[in-house]
Amino acid sequence: MPACDHCGTRFTARNAEERYCCRGCEFVAEMIRGQGLDRFYDLQGGSQTAPVRSRPFETHDFSWLPASAEVAELDCAVEGISCIGCVWLIERLFQRVPGAVRAVANPANGRLHLEWQRDSACDLPTFARDLAQFGYVIAPATKVGESRSTAELSGRLGLCGAFMLNAMGFSLPTYLGMPADFEFAGLFRLIAFGSASLAMLVGGGYFAGRAWKALLQGTLHIDLPIALGLIAAYLGSIYGWIAGDERLLYFDFVATFAFLMLLGRRVQTAAVARNRQRLVRRSPLPESVATPTGPVLLEELAPGTRFALEPGRALPVSSILAEGRAEVSLEWIHGEADPVTLQPGARLPAGAILLGREAVSVTADEAWKDSLIRQLVAGQDADRGSPLFLRLLRVYLSIVLILGLVVFAVWSLRGDWHLGLQAMISVFVVSCPCALGVAVPLADEWAATRLARAGAFARHASLWPRLRRVKHIIFDKTGTLTLERPVLEDPSTVTALETPAALALARLTSGSLHPVSRSLLEALGLRGQRLLEALGPVAVEEIPGTGVRYTAEDGEWFLGKGEGGTELRHGQHVIARFRFTDSLRPGVAQALDVLRARGLTLHILSGDSPEKVEALARVLKLSPEHAKGGLSPQEKARIVGQKGPGTTLFLGDGANDSLAFDAAFVTGTPVVDRSLLESKADFYALGSGMGYLTELFAAADARARGVRRAFAFALAYNLAVVALSASAGMNPLLAAVLMPLSSVISILLAATGARTCWIENPKKHDHGRYAAQSDVPIHPEADEHSVRGHAA
């Protein structure tokens, strides 16, 4: 498959001349080259990034931006940034703004810092809109707590690194034979003690605090054996210092161990934090609503409250349409993609999204506390953890504790409790999961990197071991197996339009939330945006359920329902007819074949009509009993729960999938126009293809292979050093040598295992490269229900 010239994504091309995976990438590439910014591709260096998709064509809300006269700097989140080329491009675009001082973009955490001259003509909203044209969307910086946690961990790591160097430096003379009566021997020992104490406070306190919190909640955590080893080594070293026993002095070990464990934890959390911050999309659900007396928080909504439902926003509570007609999408609730037109007095279910350009007035029919949508969004983002790992950890801790006490008891019965204490402390010290504490996070990072190359991003570190237990994959239909918007069957009907008609189509579709209008605006591409910039938009009248129109000097233009589908009319003359089709996501059939070959059972659970679900199941070769339609959110969750604990992966994209998310063992979501679930999913996917699913399991397999090798070595290593410790043959110098050596070996074993199948035959896993939308509708000709026309 060819790779996109802009983002590097592999896609299914319609013909040999096709160069871009989506309209968004084509649009941005033309913008970059048309404005002489080609250096972006030189700096990109051929690295693969996520597809641009529809970001340049969407209407974004930048009302949150401050007035440039009030402040002179801004920190915000930015979606779409991924490489040094993106950094350079954003900086160049900001330099064009009057009064701009500097722009500092950080691809690692998705943050952007802007500075400008106070009281200058710096127009931030205009800059934000220009930036969106290049595929970068800014939003208020969020998740401050998570950023602070990551920064705190980095600070602890840096401090422990300094303490480790001090402890090692001032312990080394002792290992090299420094006489005990040397003038500075006591000072060296004191400095090593102080460095270890500070490392214990900064690094050991981190692990001990987390282990204690887990114990209070009745669970075990990997930080518990780490904390145990640190405490044993530190307290034993203090006793050895007081008693004058060199065999118990592990001060340098304490500092080094704390540093290595923090390093592994930082590697593990960095990728997860980066992926969580990659998206800046906000939920369609508003935080408050506008009433005649002012804004009202959702918690204060009561039956009878009249408020305005804004375009693109989800209705927070079941309501009655007070006046006018409204066209809404119910896809968030039951998965039905077709817009619905409602008359005054009609009841709107909670979660309905207004597709029109103007707000409508509604009257609440229930309180927020009783709303279905509140129940659906109430689930929390939590890492479910791995039950198998918890069982292994419990066994491991029990063995270490019992073994250490037995060793102490045996030596004490022999009459040498002092040597028994040394042996017990040595057992606790050398049995710490030091090697695994570094190797496993690195294996997680390699797996996450591999998945990112396929356009999907892990949000929880425990995703990988849980994937290995999955037996059932359950899909939602609309927006998950199919594209979230209809596909234009013949793009040439748009490209062939003459300039007046193209301008009219751009004006009629610009700013619209209707799925058909958005597809047409993307089909116009850069041509449509340039026409709007040159000649400007106009006031458009919406006729809910029929279409949109406006009147200009050359007469009336109309886009909407006609005899031949969706029509563009000038007066009474039909200029063009557009046919649309529902389309499967590219690569769905191939991905499902690979998953079936793994022995996984595939299911479809949808709120869409049973007939459509059955038709799609036939196309995808799924058993009829594994495809169910017309389901409520509660029914979806119940069926997911019945598949067995710890065996289900659920993929969905709407609010109606939220309860099923809570019931599933592993969760994932494709990021769509009106996203919700990526904030609570274990992973999310960008792009239009489904090939990321095969790479998800391939990465989990490779990671498991590497971890098994590291575990096998750790087991053999622990047996050997524990036996040596139990016989009182371990000493601080030997421990100081073995700890980093075992860590390096574990990392190498994890690396070779995790990356072998990836490197040895890349073509073998080419199905994992995710296919992106190439405007090629997939016609499941075996069933007439799967293809249908759409009207605006």
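**Entry 1: helix 6 against helix 7**

I began with the residues through which two helices touch, and I noted that Arg189, Leu190, Phe193, Ala196, Ser197, Met200, Gly204, Phe207, Ala208, Arg210, Ala211 and Leu215 in helix 6 meet Asp223, Leu224, Ile226, Ala227, Leu230, Ile231, Tyr234, Ile238 and Trp241 in helix 7. Sorted by class, this contact of helix 6 with helix 7 comes to 16 nonpolar, 2 polar and 3 charged residues. I keep in mind throughout that the model is a predicted one.

I then looked up the geometry, and found that the axes of helix 6 (residues 185-216) and helix 7 come within 8 Å and cross at roughly 150°. An angle over 145 degrees counts as roughly antiparallel, and helix 6 is therefore roughly antiparallel to helix 7. The crossing of helix 6 past helix 7 is left-handed.

**Entry 2: helix 7 against helix 12**

I stayed with helix 7 and turned to its other recorded partner here, helix 12. Helix 7 (residues 223-243) and helix 12 (residues 417-430) pack with their axes 8 Å apart, at an angle of about 150°, which makes helix 7 roughly antiparallel to helix 12. I noted a left-handed crossing where helix 7 passes helix 12. On the helix 7 side the contact is made by Gly229, Ala232, Ala233, Gly236, Tyr239 and Ala243, and on the helix 12 side by Trp417, His418, Leu421, Ile425, Phe428 and Val429. The residues of this contact of helix 7 with helix 12 divide into 9 nonpolar and 3 polar, with no charged residue.

**Entry 3: helix 16 against helix 17**

Next I looked at helix 16 (residues 499-509) and helix 17 (residues 515-535), which pack at an angle of about 110° with their axes 8 Å apart. Helix 16 and helix 17 are therefore roughly perpendicular to each other, and their crossing is left-handed. I listed Thr499, Ala502, Leu503, Leu505, Ala506, Arg507 and Thr509 as the residues of helix 16 that make the contact, with Ser517, Leu520, Leu521, Leu524, Arg527, Gly528, Leu531, Leu532 and Leu535 contributed by helix 17. By class, I have 10 nonpolar, 4 polar and 2 charged residues for the contact of helix 16 with helix 17.

I traced an open sheet of 7 strands with mixed pairing, in the order 14-27-26-25-15-23-24. Strand 14 (456-458) and strand 24 (627-628) are the edge strands, each pairing on one side only. Within this sheet I checked strand 25 (residues 648-651) and strand 26 (residues 666-670), which run parallel and are joined by 3 bridges; in strand 26, threonine 667 is the bridge partner of phenylalanine 650.

I then asked what packs on the sheet, and found helix 20 (residues 633-642), which touches strand 15, strand 23 (601-605), strand 24 and strand 25, and whose direction makes about 165° with that of strand 23. Helix 22 (residues 692-726) lies across strand 14, strand 15, strand 25 and strand 27 (683-685), and runs at about 150° to strand 25.

I found an open sheet of 3 strands in the order 10-9-12, with antiparallel pairing, whose edge strands are strand 10 (340-342) and strand 12 (353-354). Strand 9 (residues 326-329) pairs with strand 10 in the antiparallel sense over 3 bridges, and glutamate 327 has threonine 341 in strand 10 as its bridge partner.

Elsewhere I looked up strand 5 (residues 288-291) and strand 6 (residues 294-297), which pair in the antiparallel sense over 4 bridges and are joined by a hairpin through 2 residues. The bridge partner of alanine 290 is proline 295 in strand 6.

**Entry 4: confidence**

The protein chain averages a pLDDT of 82, and 87% of the residues score at least 70. Confidence in the chain is highest in strand 15 (residues 472-475), at 96, and lowest in helix 9 (residues 331-334), at a mean of 66. I also marked residues 757-792, where the pLDDT is below 50, although this stretch has 123 contacts in the model beyond near neighbours in sequence.

Definitions and conventions. Residues are numbered from 1 along each chain as its sequence is written. This is a predicted model: local features need pLDDT of at least 70, side-chain atom pairs count only at pLDDT 80 or more; totals for chains, interfaces and linings use all residues. Side-chain values use heavy atoms; hydrogens and water are left out. Axes are lines fitted to C-alpha atoms, for helices over the stretch in contact, and angles run from 0 to 180 degrees between N-to-C directions. Angles under 35 degrees count as roughly parallel, over 145 as roughly antiparallel, 65 to 115 as roughly perpendicular and the rest as oblique. A crossing is left-handed if the near helix is turned anticlockwise from the far one by less than a right angle, and right-handed if clockwise. Contact means heavy atoms within 4.5 Å. Ala, Val, Leu, Ile, Met, Phe, Trp, Tyr, Cys and Pro count as nonpolar, Asp, Glu, Lys and Arg as charged, and the others, Gly among them, as polar. Two strands pair if DSSP finds at least two bridges between them. pLDDT is the predictor's confidence in each residue, from 0 to 100.
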